[in-house]
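Work through the following exercises with the sequence and the model in view, and try each task before reading its solution.

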Amino acid sequence: MKKTLVVGTGNPGKLREMQAYLSDSGWKLTPKPPDLDVNETGTTFAENACLKAVEVAKYTSQWAIADDSGLWVDSLNGAPGVYSARYGNTDEERIGRLLRELANTENRRAKFICAIAVANPQGEIIFQSEGSCEGEILYEVRGEGGFGYDPIFYVPEKKLTFAQMSPELKKSISHRGHALRKIIPQLLGVD
């Protein structure tokens, strides 16, 4: 029987990605209870991932996994950073705000960062990892897939935005993919 791992997110896109990455891990992933909201008061992605994992584990008395991820834009001194999801009310608003703030800035280097934390049912952090993916911000939206900032995050080596990539390609190079690949061996070792 598969062990249950509660995913500390209300974002359906993140939940789907986590389920895809961890499909062979021996864990059954379930979403966090909808009535549980965790205040992301951390100043780093790692702090927020830990806050969410601990709160979800304590609330459900189950193993919990949480990530905090976002976009770090060099010329905006790291913004939107930990506020990536709160940069607007919708993906369209967040993208619009970022493009307005960058305007015609030439330095469009950026990276997606993902921190992941796993807590045991007692709410203790057992595993943590971090991953990133380097790219740049385009001047306009390209592609239909993905979610969040994916349509403007361009990976030069692949000549595609995250939104233009197949789910398999995105999974192989993304920040979340890098972070989760570091966690999987540890999850496999849990009794």
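**Exercise 1: The pocket**

Task: Find which helices and strands each supply at least two residues of the lining of the largest pocket, and which of them gives the most.

Solution: Begin with the elements, where strand E3, helix H3 (91–102) and helix H5 each supply at least two residues of the lining of the largest pocket; helices (H or I, at least four residues) and strands (E, at least two) are DSSP runs, numbered from the N terminus. The most is given by E3, with 4 residues in that lining. Next, take the lining as a whole, which is made up of 30 residues, with Thr9, Asn11, Lys14, Glu40 and Ala85 lying nearest the centre of the pocket. The space in this largest pocket comes to about 700 Å³. Here a pocket is found on a 1 Å grid over the protein atoms alone, as an open set of points where a 1.4 Å probe fits, with protein on both sides within 12 Å along at least five of seven lines, and lining residues have an atom within 4 Å of a point. Grid points are joined across faces, edges and corners, and the volume is the space filled by probe spheres set on the points.

Before going on, note that this is a predicted model, in which local features need pLDDT of at least 70 and side-chain atom pairs count only at pLDDT 80 or more, while totals for chains, interfaces and linings use all residues. Residues are numbered from 1 along each chain as its sequence is written, and side-chain values use heavy atoms, with hydrogens and water left out.

**Exercise 2: Helix H1**

Task: Name the residues of H1 that are buried, and find what covers them.

Solution: In H1 (residues 12–21), the buried residues are Gly13, Lys14, Leu15, Glu17, Met18 and Tyr21. Their cover includes strands E1 (3–7), E2 (27–31) and E3 (63–73), together with helices H2 (45–60), H4 (167–173) and H5 (175–188).

**Exercise 3: Backbone details**

Task: Find where Ser61 lies, and whether Ser61 is buried or exposed.

Solution: Ser61 lies in the loop between H2 and E3 and is exposed, with a relative accessible area of 52%. Its phi is near 55°, a positive value in a residue other than glycine. Leaving out residues up to four places away in sequence, Ser61 touches Val56 and Pro121, where contact means heavy atoms within 4.5 Å. Ser61 and Pro121 are 60 residues apart in sequence, and their C-alpha atoms are 4.6 Å apart in space.

A positive phi of about 55° is also found at Lys159, which is not a glycine. Lys159 is placed in the loop between E6 (153–155) and E7 and is exposed, with a relative accessible area of 62%. Lastly, a cis peptide bond, with omega about 0°, joins Ala79 and Pro80, and Pro80 has its place in the loop between E3 and H3.

Technical notes. Buried < 20%, exposed > 50% of the residue type's maximum accessible area, 1.4 Å probe, protein only.
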